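The following note comments on strand pairing and aromatic contacts. Please read the points alongside the sequence and the model.

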Amino acid sequence: VECDYTFTANTGNFTIENVTLLNSYKGVGVCLDGQNGHGLVTIDNLRGTVLKQGISLNNGREVSVADNVHFSPSYWAGATSKYGAPSASAISSWMAVNSESGVYLAGVEDLMLSNSLLDGFRAGLYIGKTPRADGAESYPQLYNVEIKNADVAADLRYTYKDMGTLFANCRLSGKSKAVNNASSRAAVRV
């Protein structure tokens, strides 16, 4: 059954800290309408199984920080029997066909993602088209991030051409590609 995001915000600054999601359909959605701009988003120690979309940040006007984000089928699969969890392989099979991305960015000035795991999404990181009137695209920086069991680990469709995307001490594993740099003039720094 499709559900909305577990956490949503349409403007301003906010923090999510020390949360575990079991069987969440969509995790965190920020400025989903693309009309409002958000300020500083801080996500620290967010873990769990998110089936469709982990984090979606849109129209970001400030640097946002996400540290210790761990999304994997193993969280729900490893829960006690009272949560009615299917096996990790059943969750992984469903996500391989139906999930979108662990982290989706559209028009986010900067996201610093560190010490994180994105496991089982069709795309670990996906950069979509900006909703911003000024045309500013996303330029994330990833430090010590592992993306695994994805079709494409990092699908960079609309990266800001003057900044690009930075991967430092990251492990990117995609079944078809580790990195798809579809932004014709944007740099990928590894």
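Does Tyr126 count as buried, partly exposed or exposed?

1. The model is predicted. Tyr126 counts as partly exposed, its relative accessibility being 24%. Tyr104 is likewise partly exposed, with a relative accessible area of 21%.

2. The structure holds 4 aromatic pairs. One of them is formed by Phe71 and Phe121, in an edge-to-face arrangement with 6.3 Å centre to centre and 70° between the planes. Phe71 belongs to strand 3 (residues 38-71) and Phe121 to the loop between strand 4 and strand 5, so this pair ties together parts that are 50 residues apart in sequence. Phe71 and Phe121 are both buried.

3. The ring centres of Tyr104 and Tyr126 are 5.8 Å apart and the planes stand at 10°, so this pair is stacked. Distant parts of the chain are linked here, with Tyr104 in strand 4 and Tyr126 in strand 5, 22 residues apart.

4. Strand 6 (residues 141-156) runs parallel to strand 4 (residues 101-119), and 7 bridges join the two. In this pairing, Leu113 stands opposite Leu142 of strand 6. Strand 5 (residues 123-127) is also parallel to strand 6, through 4 bridges, and Ile127 faces Leu156 there, standing opposite this residue of strand 6.

Terms used: Residues are numbered from 1 along each chain as its sequence is written. This is a predicted model: local features need pLDDT of at least 70, side-chain atom pairs count only at pLDDT 80 or more; totals for chains, interfaces and linings use all residues. Side-chain values use heavy atoms; hydrogens and water are left out. Two strands pair if DSSP finds at least two bridges between them. Rings of Phe, Tyr and Trp (its six-membered ring) pair if their centres lie within 6.5 Å; planes under 30 degrees apart count as stacked, over 60 as edge-to-face and the rest as tilted. Buried means under 20% relative accessible area, exposed over 50%, partly exposed in between (1.4 Å probe, protein chains only).
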